[in-house]
Each structure stands twice: as structure tokens, then as C-alpha cells.
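The entries follow the order in which I checked them.

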Amino acid sequence: MKPSAVDRLLRKMPGILDIYNRAPRSKMKRDIASLVYVFFNGGFCAEPDCRIHSELPGPVSDRNTLHLFATLASRPESPVVSSRLLGTTAPHHPMVWDMIEECARRLYVVLEPGSREKPDGAVGDRVITYVYRTRKTHPDQEVCDVILHPYGKYYLL
């Protein structure tokens with residue numbers, strides 16, 4: 001992912017671009033950039049330390065499916081979703097958009113003057129997990145295809 005490609009995409013989203021530019025850590029910027037890139041282009045995004053050991057799932061139909069991957073610490077009754085690897089079979093998956101918005105919302109709170117919020121929960125696994133759990137427990141939200149793959153099926157850390 002070239003920075004110029006991400007910059008072009010972020011310019012389409014002025015509010016997200018502002019939060020992205022103000023993010024206090026480069027990892028936060030990388031997480032937002034990955035979500036934005038996947039949202040606009042589809043495909044998969046993985047962090048550099050993620051070792052993929054089997055072919056990632058591809059389109060199996062014309063539906064837009066979001067593929068999420070559980071962390072090593074994940075339990076079936078309380079899944080924790082990794083931000084290190086995620087992808088869609090087509091662009092513009094609504095849950096990826098929700099993840100971008102949630103990152104921006106949390107970073108906005110963290111960046112407020114006098115905020116006591118810690119920036120660690122503003123992006124990454126906590127955001128992805130929150131959005132996943134919220135979407136699963138609120139059936140009134142738009143239905144979308146999401147598959148949560150168990151840890152180790154496709155990647156290791």
C-alpha cells in the first residue's frame with residue numbers, strides 16, 4: 001500500500017483525514033489507513049508481523065463478505081477480533097465503514113484537550129472487536145456477510 005494511494009483515498013473523507021493527521025502514533029495511522037484502503041478497494045490487509053500460512057479466502061459469490069480473524073486469546077463465547085489481518089471480497093463493506101467511524105470517534109475523544117482517555121483503545125483489536133460484537137447483537141442494523149475465522153486457520157503471529 002503506497003502512502004500516495006492512501007492519501008488520495010483519505011482526501012475523499014475530510015473528517016477522517018483530519019483525525020488521521022492528528023493521530024498521536026504511527027500505528028494508529030497505519031490502522032486507519034488499512035481500513036480506509038480495504039473499504040475503498042476490497043481485498044486483504046495484513047500487518048508486517050502477520051505470517052500467513054494458507055491461502056486467504058476469496059470471493060465465493062457475488063456477495064460482499066467481510067473476513068475477520070480471531071486472536072489467539074479469543075474464546076467462542078467472547079470472541080476477540082484481530083486488527084492484524086482483515087479483508088473483504090468487494091469494496092464498500094458497511095462494517096468496515098463502521099470500524100473507520102469508530103476509530104475516528106474514539107480518536108476524537110482522545111485528542112480533546114484535557115482528555116484522560118488513553119489512546120491505546122482508539123484503534124486496533126478493541127475497535128474491531130467492539131464493532132463486530134455490536135453488529136452481531138443489534139439485528140436492526142444492516143445485514144451484511146461476516147465470517148470470523150478461528151485463530152491459526154490462516155495466520156500466526
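**Second largest pocket**

I began with the second largest pocket, and its volume came out at about 180 Å³. The model I am reading is a predicted one. I then asked which residues lie closest to the centre of this pocket. Of the 15 residues in its lining, the closest are R30, D31, S34, C45 and S83. I noted that α3, β1 (43-46) and β4 are the elements giving two or more residues to this lining. The largest share comes from α3, which gives four residues. Sorted by class, the lining holds eight nonpolar, three polar and four charged residues.

**Largest pocket**

I turned to the largest pocket and wrote down a volume of about 240 Å³. I listed its lining as R25, K27, M28, D31, E47, S83, R84, D120, V123, G124, D125 and R126.

Next I looked at nonpolar side chains. In soluble globular proteins, such side chains tend to be buried together. In this model the largest nonpolar core has 36 residues, and V36 and L68 touch the most other members. I noted that α1 (3-11), α2 (14-22), α3, β3 (65-70), β4, α4 and α5 each supply at least two residues of this core. I then followed V36: leaving out residues up to four places away in sequence, V36 touches L9, L10, M13, I16 and I100. Another core lies apart from the largest one and has five residues, including C50, F69, L85 and Y154.

**A loop residue**

My last entry is on H92. I located H92 in the loop between β4 (81-88) and α4 (94-111). Its phi is near 65 degrees, which is a positive value in a residue other than glycine. Why does H92 count as partly exposed? The relative accessibility of H92 is 45%, and partly exposed covers the range between buried, under 20%, and exposed, over 50%. H92 therefore counts as partly exposed at 45%.

Conventions:
Residues are numbered from 1 along each chain as its sequence is written. This is a predicted model: local features need pLDDT of at least 70, side-chain atom pairs count only at pLDDT 80 or more; totals for chains, interfaces and linings use all residues. Side-chain values use heavy atoms; hydrogens and water are left out. Buried means under 20% relative accessible area, exposed over 50%, partly exposed in between (1.4 Å probe, protein chains only). On a 1 Å grid over the protein atoms alone, a cavity is a set of points where a 1.4 Å probe fits but cannot get out, and a pocket is an open set with protein on both sides within 12 Å along at least five of seven lines; lining residues have an atom within 4 Å of a point. Grid points are joined across faces, edges and corners, and a volume is the space filled by probe spheres set on the points. Ala, Val, Leu, Ile, Met, Phe, Trp, Tyr, Cys and Pro count as nonpolar, Asp, Glu, Lys and Arg as charged, and the others, Gly among them, as polar. A nonpolar core is a set of buried Ala, Val, Leu, Ile, Met, Phe, Trp, Tyr and Cys residues joined through side-chain atoms within 4.5 Å. Contact means heavy atoms within 4.5 Å.
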